[in-house]
Amino acid sequence: MSKAAKTQDFQSNPLFPEDTRWMRAAVMAAKRGIGRSGVNPPVGCVLIGANGQLLASGHTGAGGVPHAESAALANLDDAGRISLQGGTAYVTLEPCAHHGKTPPCADALIAAGIARLVVALQDPDPRVNGNGLAQIANEGIIVCLGVEAALASESLKYFIHKIHNDKPYCSLKIAASIDGRIALSDRKKRWLTGPEMRRYVHLLRSQADAIITGIGTVLADDPQLNCRNEGLENDSPPIFIFDRLLRIPTAAAILQSPHPLTLFCSEAASEPRRQALSDAGCVIVPLPGDAEGRPDIGAALRYMGMRGVNHALVEAGTGLVTSFLAADAADCLYWTQSDHILGGDALPAVGQFASQTINAVAIFAENRYIQTHYQAIGGDRLIILQKPNANTGITQA
C-alpha cells in the first residue's frame, strides 16, 4: 500500500443507506465482464447524481478495454455529466492511477466532479494498491472503502488470486457417472450428461480466461472445447494443451480455435514437430519435467500467469486430472454427475495417487474441498467444491 493511502482511514468515512444498493448494482455490472476482460479484472461502476438518481453504469470491456469507470462515464449524456457533479461513483475495485492501455481512471473520476467515491475492494496490483484511493482523496473527494467487499470479491477472486500467487485460479471440471467413472473401457466418445448440463459447461467456458486439457483427451475425443451456446460463440477462451511429445494431429478440431493454441511439451519433443506446429500457428512452450517426466504443472501455470490468465478451466481425462490434484493445483471442482453406472472396468475420474499424495489430498484439513453448491440441471447433478478461502484481508463495511 502506498504511503499516502496509509494516512487515510477510508473505512471510517460515513456511509449512506443507498450505498449498499448501488454497490450491488455495480457488482451485477461487473459480472458481465467475467471471462471477457482479458488480463484486466472484471470491474463494475455505477454513477449516481447529486440528487440520488441513477445516471449510468459500465463494466470492463472485452479484452480489458475500456475500464469500467471509463465505460460508465462514456454512457453519460450532457445532462448526465452535469448531474454527476457533486454525485457519487460506486466501483467494485479501486480505480487505477497509472497509465496503461488507457489513461488513469482516478483522473477521469476527479475530472467528472464527483463528491464521493465508494469502493468495494482495494486493488492488490502493485501498480495501484492504494494509489488511486489516495489520489482521489487528496482532491477533497470523500472515499469509502469496503462496501459489499465480500460480494464484490466473488467476481474478482480470480484476478486477486493471480496477483497474490502469480498463477491462475484453476477450476477442474469433471463429468462422471454415479460410480465416479468418465468413460467405458473402449474409450469411445459418448455423452454422460444431458443437453442441459452441456449448456451449463459451455457457459462455464465462456466465463474462463483459458481452457486446459491433455493430449489424451485430444486423441480420444477430438474435442473443440469452444462455447456453442447461442450468443456466446465469440467468448471461446484460448486453449492450453499438455502434450509432452507434441503428438497432436495437424487435423485436430481444436486447431480451429480462433486463438493461437499453446502446447506445453518437454525437451524431448522433436524439433521437426515443434517447427511444423509452430508453422501451423501454435505456441510451443517447452517445460521442465516433473518426477514422472511430464511437463511440470506448476511451471505451466506460472507461464499462464505471466500471460495474464486469471482463471483457467481444466477439462481433461484421468491422467491430467490426477496430476492437477496431486500437484495441489486445483482450487475448485465442478463435479457433474449423471445417473449412469459404468462399472469397475470403466475409466475412473481420478487415478492412483502415491501414498504421500493420498495423505495430502484426502487427509490434511487445509487441502480438503468443501461443498459450496449443489443443484440439479436437467437429469444430472452439479456439485461445486472449493478449497477454504485463504485470508485475503477483505473487510465488509
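Where is the place of Asp-222 in this chain? Asp-222 sits in the loop between α9 (215-221) and β9 (239-242), where helices (H or I, at least four residues) and strands (E, at least two) are DSSP runs numbered from the N terminus.

Before I go on, please keep in mind that this is a predicted model, in which local features need pLDDT of at least 70, side-chain atom pairs count only at pLDDT 80 or more, and totals for chains, interfaces and linings use all residues. Residues are numbered from 1 along each chain as its sequence is written, and side-chain values use heavy atoms, with hydrogens and water left out.

The pLDDT, which is the predictor's confidence in each residue from 0 to 100, averages 90 over the chain, and 92% of the residues score at least 70. Over residues 1-7 the pLDDT stays under 50, and the model has eleven contacts for them beyond four places in sequence, a contact being heavy atoms within 4.5 Å. Residues 390-397 also have a pLDDT that stays under 50, with 16 contacts beyond four places in sequence.

Let me return to the backbone. Most residues other than glycine have a negative phi, and most peptide bonds are trans. Asp-222, however, has a positive phi, near 45 degrees, and with a relative accessible area of 38% it is partly exposed, a term for values between buried (under 20% relative accessible area) and exposed (over 50%), taken with a 1.4 Å probe and protein chains only. Leu-246, in the loop between β9 and β10 (262-265), has a positive phi as well, near 55 degrees, but Leu-246 counts as buried, at 1% relative accessibility. The peptide bond from Val-65 to Pro-66 is cis, with omega near 0 degrees, and Pro-66 belongs to the loop between β2 (54-59) and α3 (68-74).

Now to a strand, β13 (residues 332-337), which is largely enclosed by the rest of the structure because five of its six residues are buried. Strands count as paired if DSSP finds at least two bridges between them. With strand β6 (residues 169-176), β13 pairs in the parallel sense over six bridges, and there Ala-175 stands opposite Thr-336. With strand β16 (residues 380-386), β13 pairs in the antiparallel sense, again over six bridges, and Gln-337 is placed opposite Arg-381.
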